[in-house]
Amino acid sequence: MTDESQTPLMCHSPRIILLLTSGVIPVLVFFSKRRRASNLDDFPTVGCSFGPSRYFSNFYVGAFRFLVGAPGVLKEGYEKYGSRPFKVATMLRWTVVFSDPQHMMELANAAEEDLSFREAMKDIMGVDDALNINVGSPDHDLLAELLKSHIARNATKIGDEVQDELFTSLENVLGNESDDWTSIPALGTVNRIMVQTWQRFFVGYPLCRNSEWCSLVAKIHKDVAISSVIRRLVPSWTFPFFVRMASSLEANVDRATMLLGPAVEACMSEVDEYSVPNQQKMDFLARLVRRSAGEDSLLRNITTRLLGFTIAVASTPSNTFTHALYHLATNPEAAQALRDEVDPIVQGEGWNMQSVAKMSKIDSFLRESARINGVSSLGFFRQAMRDFSLSDGTFLPKGCIIAVSLPPFHRDTTTYEAPDEFRPFRFSDNPEHNMTTITPQWLFFGYGRHLCPGRFLLTYQLKVMFAYMVSTYDIRIGDEWTSRPPNFIFGEGIVPNLSARVSYRRRQPINDTH
């Protein structure tokens, strides 16, 4: 088992970050029009107090403060202004932040031609630009449509195949024979497992078990993460230069295109060479190939679109699981309660969607971890495509970026008792409050028009993996930590600690835990 970790730009290229934030960025920001708070003077500014928001010094100080301490900035805004929206500087743009439930529901249900989710995410994540994906293509949203329809038509089959791949990946990466403690980098190991598992869904067997393909997907994920960070730090006209300097994205995509070629050709010719024996072919890639037309049907374009979509889907489960793993490793008393639930269910019914659905404590543990940590302090990003007014008269000028602050919903004292406290079984006695339940107080999978279409599959994967690890291994936090490792904050992003390790061994009798 190799000891590898896929981490963001902060760890892979610290000198680049230092260069950007300390010397290059101030100059570039000064000449960037995107820093100006045009038509946003009606929204109070949070995070900086050095004069009018149009001043360069005010913007840059606020942007840097948000970059390194976004949760604190957002808390300051909520405590000061309550349900009133405010604006924060997020490096090269001002973002208008909402925290009122009525505003959230209006934003979530607004028409795409008024408040665009796609345009906001294109600008914020930079995946399309990094991979040179043609956003003007009529088939640009094809992958999202295929995801919805493919899961809806084949839910049980997909669940079985993802579960099979997950168990295979867990055994390959972790094994289960040793009684000795083995130390692993938590986030990097979880990323490896998740990459292989999700590739079974996207490209099928046997490519999902090709070590070079999985390694390339992980590298491209890292390269795009680097690009996303750079995109937040520099004006668009300097973006290609810094991406080439900081990553090997183009070369990695070239090689991935070569590896995907045979599978795409097989789909085109309808030669089913990529089947697991005695099983029907996983046909997501086949449906993508057959539905693509024009330039979108070219091999490289299929590759970049598939990789871009994989990246958008795969980061959330990796971070969510690692957050929960850190809680488990520092709450050993919870492990036995989880095993008392999992063991009899698996012994009586095996591993399947019906049996896993009965694991309410597993579900509660994961939901509580996601509530406390999340993967972002902001959600519901939208870009105003025209001048737009909400029902209370709040005016959003064309082009502005807006978002919703999530902590006021997930840590609401009127909804959650002791909301800042991690209570692993907070939801276990209430089946209406599971991971996939959608309410205005639980926004992990979104709300309204852009509700996550893969939330049931993602939740099933998380629950199976967590239950399997609980029932198979003893897990503890690395010796260098005496409590849960702190999260890594970069802007609104919330990432599990990048360097923390956990130790595991084959599950021992209850009286031998040390």
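Visitor: In which sense do strand β2 and strand β8 pair?
Guide: This is a predicted model. Strand β2 covers residues 94–98 and strand β8 covers residues 401–405. V96 has I402 of β8 as its bridge partner. Over 4 bridges, the sense of the β2 and β8 pairing is parallel.

Visitor: Which strands stand at the edges of the sheet?
Guide: The open sheet has 5 strands with mixed pairing, in the order β1-β2-β8-β5-β3. An edge strand has a single partner strand, so one side of it is left without a neighbour in the sheet. The strands at the edges are β1 (86–89) and β3 (115–116).

Visitor: At about what angle does helix α4 run to β5?
Guide: Helix α4, residues 101–109, lies across β2, β3, β5 and β8. Strand β5 spans 378–384, and the angle of α4 to it is about 55°.

Visitor: How are α16 and α18 oriented to each other, roughly parallel or roughly perpendicular?
Guide: The axes of α16 (residues 360–372) and α18 (residues 455–472) come within 10 Å and cross at roughly 110°. Angles of 65 to 115 degrees count as roughly perpendicular. Therefore α16 is, relative to α18, roughly perpendicular.

Visitor: How many nonpolar residues does the contact of α16 with α18 have?
Guide: From α16 come I362, D363, F365 and L366, and from α18 come T459, L462, K463, F466 and A467. By class, 1 residue is polar and 2 are charged, while the nonpolar residues number 6.

Visitor: How many disulfides are there?
Guide: A disulfide needs cysteine sulfur atoms within 2.5 Å. For C214, the nearest cysteine sulfur is that of C208, 6.8 Å away, and C214 is in no disulfide. The count of disulfides comes to 0.

Definitions and conventions: Residues are numbered from 1 along each chain as its sequence is written. This is a predicted model: local features need pLDDT of at least 70, side-chain atom pairs count only at pLDDT 80 or more; totals for chains, interfaces and linings use all residues. Side-chain values use heavy atoms; hydrogens and water are left out. Two strands pair if DSSP finds at least two bridges between them. Helices (H or I, at least four residues) and strands (E, at least two) are DSSP runs, numbered from the N terminus. Contact means heavy atoms within 4.5 Å. Axes are lines fitted to C-alpha atoms, for helices over the stretch in contact, and angles run from 0 to 180 degrees between N-to-C directions. Angles under 35 degrees count as roughly parallel, over 145 as roughly antiparallel, 65 to 115 as roughly perpendicular and the rest as oblique. Ala, Val, Leu, Ile, Met, Phe, Trp, Tyr, Cys and Pro count as nonpolar, Asp, Glu, Lys and Arg as charged, and the others, Gly among them, as polar.
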